[in-house]
Amino acid sequence: MPTQLYLISPLDVGGDFPARLGRALEAGKDHITAFQFRVKGFEGTASQHEAAALAAPLQEICAAHDVAFIVNDDIALAKRLKADGVHLGQDDGTVAEARDALGMQVQIGVTCHASRHLAMEAGEAGADYVAFGAFFPSTTKDKGDAERPEPEILSWWSQIFELPCVAIGGITPENCGPLIAAGADFLAVSGAIWNGDEELAVKAFVEALEKERHV
């Protein structure tokens, strides 16, 4: 399957963000597979109610564009929203816990940083995809002094395992070429989309994806 885009929300998804998401998904038609709802500070029942209210219009927009709606880091919220999936960091619960709470149909992804070991563990535990990164400095997903993976880890993974892999962290239309060439199934992007004109940014990514397809 050609590399696809996996959009990650900014931390603020209020205001005109639903309209922005709609424009981005329209601009990336057939090239965007998933959208990750990533808002922080909504632990607890009352806050979950607030998060659910923010999520509702975004879920509708994703459903209308046939894009999977993934909740970041929060199994309980994913269950409440009946989301299409949940993405787990290393401290956000296990694949087994997520599967038990959410069922077999839900997509479960796991952050594996630069670790082949963590990725293999996630695969064995039943994850639906693994995410490597941050490949480049990122204000959204950077772990500071965490080891930065090389594109080669994507080649290694895709040659040995059928499970899809996601590249994440500081990815732009200008620097994504080596990640696509290395075998990334998905490019997870956030700042490069939302820090400017989302339509132009998505179109630039689509151009980069199409270019690599024809190399």
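**Strands, helices and loops**

Analyst: To begin with one pair in this predicted model, F37 stands opposite V71, which belongs to β3.

User: How many bridges join strand β2 to strand β3?

Analyst: Strand β2 covers residues 32-37 and strand β3 covers residues 68-72. The two run parallel, and the number of bridges joining them is four.

User: In what order do the eight strands close into a barrel?

Analyst: The pairing in this barrel is parallel, and neighbouring strands are turned against each other by 25° on average, with direction ignored. The order in which the eight strands close is β1-β2-β3-β4-β5-β6-β7-β8.

User: What angle does the direction of α1 make with that of β2?

Analyst: Helix α1 packs on the sheet, where it touches both β1 (4-8) and β2. The direction of α1 makes an angle with that of β2 of about 160°.

User: Is α1 roughly parallel or roughly antiparallel to α9?

Analyst: The axes of α1 (residues 17-27) and α9 come within 8 Å and cross at roughly 25°. Angles under 35 degrees count as roughly parallel, and therefore α1 is, relative to α9, roughly parallel.

User: Which residues of α9 make the contact with α1?

Analyst: The crossing in which α1 passes α9 is right-handed, and by class the contact has four nonpolar, no polar and five charged residues. From α1 the contact is made by R20, R23, A24 and A27, and from α9 by E198, E199, V202, K203 and V206.

User: Is E198 buried or exposed?

Analyst: E198 is placed in helix α9, which spans residues 198-213. Leaving aside residues up to four places away in sequence, E198 touches R20, R23, A24 and I193. Its relative accessible area is 5%, and because buried means under 20%, E198 is buried.

User: Is D66 buried or exposed?

Analyst: D66 lies in the loop between α2 (45-64) and β3, and its phi is near 60°, a positive value in a residue other than glycine. The relative accessibility of D66 is 70%, and since exposed means over 50%, D66 counts as exposed.

User: What is the phi of H113?

Analyst: H113 has its place in the loop between β5 (107-111) and α5 (116-125). Although H113 is not a glycine, its phi is positive, at about 55°.

Note on methods
Residues numbered from 1 in each chain as written. Predicted model: local features only at pLDDT ≥ 70, side-chain atom pairs only at ≥ 80, totals over all residues. Heavy atoms only, no water. Buried < 20%, exposed > 50% of the residue type's maximum accessible area, 1.4 Å probe, protein only. Contact = heavy atoms within 4.5 Å. Axes fitted to C-alpha atoms, helices over the stretch in contact; angles between N-to-C directions. Parallel < 35°, antiparallel > 145°, perpendicular 65-115°, else oblique. Left-handed = near helix turned anticlockwise from the far one by under 90°. Nonpolar A, V, L, I, M, F, W, Y, C, P; charged D, E, K, R; others polar. Pairing = 2+ DSSP bridges.
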